[in-house]
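Please examine the structure shown below. The paragraphs that follow go through some of its strands and its nonpolar cores.

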Amino acid sequence: MPHHLIPSHTPPDRPQPPGATSRPVNQQPSHGAKRWKARIATVVALVLAIAGLGAAYAPSASAATYAVWTGSNIRSAPNTSSSIVGSLASGQSVSIDCYVNGENVSGNSLWDHLTSGGYVADYLVNTGSNNPVVPLCGSSTNTSSKTYPVWTGANIRSGSNTSSSVIGSRATGQTVTIDCYVNGENVSGNSLWDHLTSGGYVADYLVNTGSNNPVVPLCGGIASATSTGAKSYPVFNSSSIRGGPGTDYAIVNSVSAGTRLSIDCYVTGESVSGSTIWNHVTSGGFIADPLINTGTTSSVVPSCTGTASTTITAPNTGVGNATYNRDAAVTYAVKHWSDPQTYGADCTFFASNVLWAGGLPRSTSWFRLDVVGPSGYPILYTYSTRAANNANALVIYLVNQSLATKQRLSWTQNAVPYAAVGDIIAYDWETDGTIDHLSVITSFTTDSYPKVTQHTAAQLNRGWTWSIENNTWITYVPGSEHASAYLVHITR
């Protein structure tokens with residue numbers, strides 16, 4: 001549960017915050033259902049064989065190659081809300097080496113991990129079966145599995161975050177058997193999620209492993225804290241550990257000069273002092289390579305590409321791309337938050353102007369036109385497209401144009417380490433599927449709690465879960481009890 005900094009106290013009916021000493025509770029294809037795979041697999045295989053696309057086993061003992069049924073997206077994590085890292089044309093072959101359990105797509109929760117990195121819904125791959133045809137990621141050595149009790153009632157989820165569907169539960173003291181871990185949503189300072197041998201994930205914070213560090217290998221087999229691939233080095237000076245590979249990501253931890261950090265793999269991100277290497281910290285988060293004394297300017301650990309540690313902890317890889325200038329966007333928002341509003345309710349128009357100030361390109365579907373009078377006269381009126389002044393239309397436009405990703409947030413979470421300044425937080429007051437309000441992230445508190453700036457009403461740096469007008473949590477406001485919130489992360 002959150003420990004918000006905005007109010008002076010925690011409302012009486014909210015559970016104990018996580019800072020306390022005790023551990024608290026915590027793309028649909030156009031063809032028919034996948035069950036037709038087996039019936040037409042022979043015909044498809046013949047056609048693909050003629051085209052040179054027939055399924056064949058890859059050199060690796062566990063990897064296998066299959067064709068996709070239809071145009072498919074490759075995702076950074078096993079769910080359709082994660083960022084798109086590639087795409088496949090209809091009939092194109094893919095090499096898969098293991099599977100994980102993720103978002104349910106047309107009755108199938110299997111997601112195939114590609115040897116080249118990323119995940120594709122198994123429902124879209126012509127494996128000839130609705131069951132796994134490759135091993136479970138991280139389960140190649142079953143001797144690594146371990147059994148532990150949970151501290152308190154714990155939900156087992158389909159993915160490594162609290163917004164994933166609940167597929168099971170454990171009562172206080174009941175045991176779970178885990179075989180590997182991934183890095184996911186930060187739960188009370190711990191971003192580790194343990195994968196159960198029976199399927200699903202549970203937040204490591206809720207499992208009594210006797211340690212805050214991993215006790216099983218990293219899912220996917222890349223270096224983990226318990227393998228020889230992880231290495232420990234001291235930081236040169238006081239340094240920040242970020243939720244992703246860039247300084248626009250929120251700070252998830254801070255360490256003092258000389259502190260030794262265990263790193264297991266690296267990703268390419270924002271350039272810091274001439275280096276684009278960002279090391280993944282086994283306890284969660286990323287640190288710029290120039291800040292840690294590895295003794296070389298080259299990488300000293302394997303690439304994280306294609307492993308859960310990168311694609312789930314940092315699902316939004318657009319941060320650090322110079323196309324969107326987040327500082328310029330925030331500067332505009334802070335400078336103009338109290339300007340007279342162009343329309344009666346222009347939260348979306350304000351957000352559009354912030355995004356344009358940051359460098360996102362206007363288009364025939366998303367622009368403004370100021371009609372001015374003779375020289376020296378003010379603007380007579382402003383015309384803008386629907387996407388520029390309607391909250392739901394703008395979010396749809398940004399996602400469809402691959403300018404942003406949309407991810408649902410939990411009202412009870414505090415830190416959003418994978419968010420960045422210049423991103424949008426969108427609100428659906430009735431949870432009817434229509435976005436009603438937009439705000440812009442302009443700062444973070446020390447514990448990675450986003451503060452937003454907006455129009456209608458004009459507000460500067462308010463807590464994203466807090467209602468200034470009602471001096472209470474947004475979900476405590478009559479009419480907003482069932483509201484939903486989403487992170488719209490700019491990926492350009």
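Strands β24 and β25 form a hairpin with five residues between them, strands here being DSSP runs of E of at least two residues, numbered from the N terminus. In the turn of this hairpin, serine 448 has a positive phi of about 65°. The model is a predicted one, in which local features need pLDDT of at least 70 and side-chain atom pairs count only at pLDDT 80 or more, while totals for chains, interfaces and linings use all residues. Residues are numbered from 1 along each chain as its sequence is written, and side-chain values use heavy atoms, without hydrogens and water.

β24 (residues 437–444) pairs with β25 in the antiparallel sense over four bridges; two strands count as paired if DSSP finds at least two bridges between them. Valine 440 lies opposite threonine 453 of β25. β25 also pairs with β26 (residues 459–463), again antiparallel, over three bridges, and valine 452 stands opposite arginine 462 in β26. These two strands form a hairpin with four residues between them, where threonine 456 in the turn has a positive phi of about 55°. Of the five residues of β25 (450–454), four are buried, meaning under 20% relative accessible area with a 1.4 Å probe, protein chains only.

Elsewhere, the largest nonpolar core has 41 residues, of which Val94 and Ile178 touch the most other members. Such a core is a set of buried Ala, Val, Leu, Ile, Met, Phe, Trp, Tyr and Cys residues joined through side-chain atoms within 4.5 Å. Among the strands that each supply at least two residues of this core are β5 (93–105) and β11 (175–187). A second, separate core of 27 residues includes Phe350 and Trp366.

Note on methods:
Buried means under 20% relative accessible area, exposed over 50%, partly exposed in between (1.4 Å probe, protein chains only).
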